[in-house]
Amino acid sequence: MLNSKLFFIINPYATRAHHAEAKIRHTLNRYSTIDYSLGHLRDNCSVDTLITSWLPELRQGGIVVAVGGDGTISTIVNQLKQYKLDNPVGVLPAGSGNDFARSHQLPLGVQPGLNYLIHHSQPTALDCLRIESSTGIHYAINSCGVGIDGRVIHELSAPDPTKSFGQLAYLKSGIESLFHQQAFDVAVTVDGQTSPIEQTLLLVIANHGSFGGGIPILPQANPTDGLIDILYTSRLHALDLLQVVPQLLLGKHLNHSKVHSLRGHTIELTIKQPEFMQADGEPMGEAEWQLTCQLTKQTYLL
């Protein structure tokens, strides 16, 4: 049973977050020993606003619980890092993709996630991507991507009441983006060794194996091995894509001669033309990128 105060941050726009507050209150009110606070993300209330309001208590301890998807978890981790807080992060998977939760076999949904958090979760330290660029320092729990990946998230994040999310929506948007994405060059340095990447459509830096709602982009990525994994393509043509996309769904795309991977402790990228970038399913904008990626640690209740 948990003996630390729980600070719930609820994203009411998350796919599975309906009636989240009622479910949490109904469950936790049965436990007189569990103290908790609830906060909702709204136009005038951000993760930063909530963390700031709880700061005196958080400095004494407690667990911050994300009720949402990967973007909610990632934003919480970024704010905790900004305030130099080492509080563990709990997860009630309520988003559309939930790649972090899927990677750790967490039950999806508010109620199943809460039951697991209370009765079964254990503190677990995982690798976390620390990305330093001209825009500042950003932390990613799953992955960041440039090219098609970044463009897809840019398109999916545009306001559209008819838009759907999840793996099928990601694949659909990815296929559409192929008609707009131009190949670009990247200078990549892995642990001091520089290699040019020519005419790529996609470059993903990953800490977990899947993205886009369970697509196994880098099946070998492991958030406990102290290594950063990279996937990129080279000179893909239309016929190649007809082979790669089905292989991607099966996690066998790395067998294709134009799909490559690298691993290392420190990754440096230089991209000298504007490209869209995403981190944990959140758009980072379109820019020329020069960034350095290393690992730090973050503790979760898993």
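**Exercise 1. Is Y300 buried or exposed in this predicted model?**

Solution. Start with the relative accessible area, which for Y300 is 0%. Buried means under 20%, so Y300 is buried.

**Exercise 2. Which kind of aromatic pair do F100 and Y300 form?**

Solution. Step one: check F100, which counts as buried at 0% relative accessibility. Step two: look at the rings of F100 and Y300, whose centres are 4.7 Å apart. Centres have to lie within 6.5 Å for rings to pair. Step three: take the angle between the planes, 45 degrees, so this pair is tilted.

Now place the two partners. F100 belongs to helix α4 (residues 99-103), while Y300 belongs to strand β14 (residues 282-301). The pair therefore ties together parts that are 200 residues apart in sequence.

**Exercise 3. What is the geometry of the pair made by F8 and Y36?**

Solution. Let's begin with the count: there are 3 aromatic pairs in the structure. One of them joins F8 and Y36, with 6.3 Å from centre to centre. Their planes are 80 degrees apart, and this pair is edge-to-face; the cut-off for that label is over 60 degrees.

Next, find them in the fold. F8 is in strand β1 (residues 6-10) and Y36 in strand β2 (residues 36-40), so the pair links parts 28 residues apart in sequence. Finally, check burial: F8 has a relative accessible area of 0% and is buried. Y36 is buried too, with 16%.

**Exercise 4. Where does K81 lie relative to Y139?**

Solution. Look at the ring of Y139: K81 lies over its face, 5.9 Å from the ring centre. The distance cut-off for a charge over a ring is within 6 Å.

Technical notes
Residues are numbered from 1 along each chain as its sequence is written. This is a predicted model: local features need pLDDT of at least 70, side-chain atom pairs count only at pLDDT 80 or more; totals for chains, interfaces and linings use all residues. Side-chain values use heavy atoms; hydrogens and water are left out. Rings of Phe, Tyr and Trp (its six-membered ring) pair if their centres lie within 6.5 Å; planes under 30 degrees apart count as stacked, over 60 as edge-to-face and the rest as tilted. Helices (H or I, at least four residues) and strands (E, at least two) are DSSP runs, numbered from the N terminus. Buried means under 20% relative accessible area, exposed over 50%, partly exposed in between (1.4 Å probe, protein chains only). A charge sits over a ring if NZ of Lys or CZ of Arg is within 6 Å of the ring centre and within 35 degrees of the ring normal.
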